[in-house]
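Subject: Structure handover and notes

Hello,

Here is the structure I promised to pass on. Please open it first, then read my notes beside it.

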Amino acid sequence: MTLTTDRARRRVHGTDWAALTEELDTYGSARTDRLLTPAECRDLAALYEKPELFRTTVDMARHRFGSGEYRYFTHDLPAPVAALRAALYPRLLPIARDWAVRLDRPAPWPDSLDEWLERCHAAGQDRSAQILLRYGEGDWNALHRDVFGEMLFPLQVVVGLDAYGTDYTGGEFLMVEQRPRAQSRGTATALEQGHGLVFTTRDRPVRTRRGWSAGAMRHGVSPVRSGHRHSLGLVFHDAS
């Protein structure tokens, strides 16, 4: 059964968004409720073997990004990918706008995802940034940020497609926060199959004695110790 936008919205609605927002404020990442069934996860992971669905493949070792591969979808997204992205954007938008207020930044994001993407394309960011990632034993992803141009949405989502502890071990999602005049703080999260993890694209608001400041953050993946790990990356701005 195809994941429709209505069905995706119902699943997204099932998350406790107040609790998620509080956790996201504190750590820069927070887990959602289940967004995909195990069967839907397997079907999405299997798409990796259909190169016609993707605009490019990135060998992470070649670019010194780590080890493993990921593929960028074309704009003709598979229905479940498009449905999840459309369902998540309205939930993430209030958080993004609130963060912009606290950090005294512009909040250029309209209510409509389609309108926002049109603005990205008009600014020269017209390549799809939705990705399917595949890691094998020993693969990992270096700490980084997914900033593809001036048109930036501050939150993104990764969805686990394999069962942690069964299909693979290791491969935890990592986040590291650079703290002024202090040691960096790291977190590690095991991605549960079918669940999403909302996380910051580049930073989060941090309260200081002088008000709010931007706490710089990067994300990556720890080495996979056994098995294979697939994940779906949903980005809410396109790439230049």
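Start with β15, which gives the most to the lining of the largest pocket: five residues. Bear in mind throughout that this is a predicted model.

**The largest pocket**

The volume of this pocket is about 390 Å³. β15 is one of the elements that give two or more residues to its lining. The others on that list are β4 (69–73), β5, β6 (140–144), β7 and β13 (211–221). In total, 28 residues line the pocket. Look for I131, N141, H144, D146 and H219, which lie nearest the centre. What is the make-up of the lining by class? It has 18 nonpolar, seven polar and three charged residues.

**Helix α3**

β15 comes up again here. It is among the elements that cover the buried residues of α3, along with α1 (5–13), α4 (79–102), β5 (131–135) and β7 (155–160). The helix itself spans residues 38–46, and its buried residues are E40, C41, L44 and A45. Why do these line one face of the helix? Seen down the axis of α3, they fall within an arc of 135 degrees, so they share one face. The general rule behind such a pattern is that an α-helix has 3.6 residues a turn, so residues three or four places apart point the same way. R42 and D43 are exposed, on the face of α3 turned away from the buried side.

**Helix α5**

Next, α5, residues 113–122. Its buried residues are L113, W116, L117 and C120. Down the axis of α5 these fall within an arc of 100 degrees, so they too line one face of the helix. What do they pack against? The answer is α4. On the face turned away from the buried side, α5 carries the exposed residues D114, E118 and A122.

**Cysteines**

C41 has a relative accessible area of 0%, so it is buried, the cut-off being under 20%. C120 is also at 0% and counts as buried. How many disulfides are there? The count comes to zero, taking a disulfide as a pair of cysteine sulfur atoms within 2.5 Å.

**Two positive phi values**

Two loop residues deserve a look at the backbone. R64 sits in the loop between β2 (54–59) and β3 (66–67). R64 is not a glycine, yet its phi is positive, at about 60 degrees. Its relative accessible area is 75%, so R64 is exposed, as the cut-off is over 50%.

D104 is in the loop between α4 and α5. Its phi is near 55 degrees, again a positive value in a residue other than glycine. Is D104 buried or exposed? At 72% relative accessibility, D104 counts as exposed.

W212 belongs to strand β13. Its relative accessibility is 32%, so it counts as partly exposed. Which residues does W212 touch? Leaving aside residues up to four places away in sequence, they are R102, P205, V206 and R207. W212 and A30 are 182 residues apart in sequence and 21 Å apart in space, C-alpha to C-alpha.

D98 lies in helix α4. With a relative accessible area of 36%, D98 is partly exposed. Between D98 and T15 there are 83 residues in sequence and 19 Å in space, C-alpha to C-alpha.

R179 is in the loop between β9 (173–177) and β10 (185–189). R179 is partly exposed, at a relative accessible area of 38%.

**Where to look**

- The pocket centre, with I131, N141, H144, D146 and H219.
- α3 down its axis, with buried residues within an arc of 135 degrees.
- α5 down its axis, with buried residues within an arc of 100 degrees.
- The surroundings of W212, including R102 and P205.
- The loop between α4 and α5, for D104.

Best wishes

Technical notes: Residues are numbered from 1 along each chain as its sequence is written. This is a predicted model: local features need pLDDT of at least 70, side-chain atom pairs count only at pLDDT 80 or more; totals for chains, interfaces and linings use all residues. Side-chain values use heavy atoms; hydrogens and water are left out. Buried means under 20% relative accessible area, exposed over 50%, partly exposed in between (1.4 Å probe, protein chains only). Helices (H or I, at least four residues) and strands (E, at least two) are DSSP runs, numbered from the N terminus. The arc is that of the directions from the helix axis to the C-beta atoms. Contact means heavy atoms within 4.5 Å. On a 1 Å grid over the protein atoms alone, a cavity is a set of points where a 1.4 Å probe fits but cannot get out, and a pocket is an open set with protein on both sides within 12 Å along at least five of seven lines; lining residues have an atom within 4 Å of a point. Grid points are joined across faces, edges and corners, and a volume is the space filled by probe spheres set on the points. Ala, Val, Leu, Ile, Met, Phe, Trp, Tyr, Cys and Pro count as nonpolar, Asp, Glu, Lys and Arg as charged, and the others, Gly among them, as polar.
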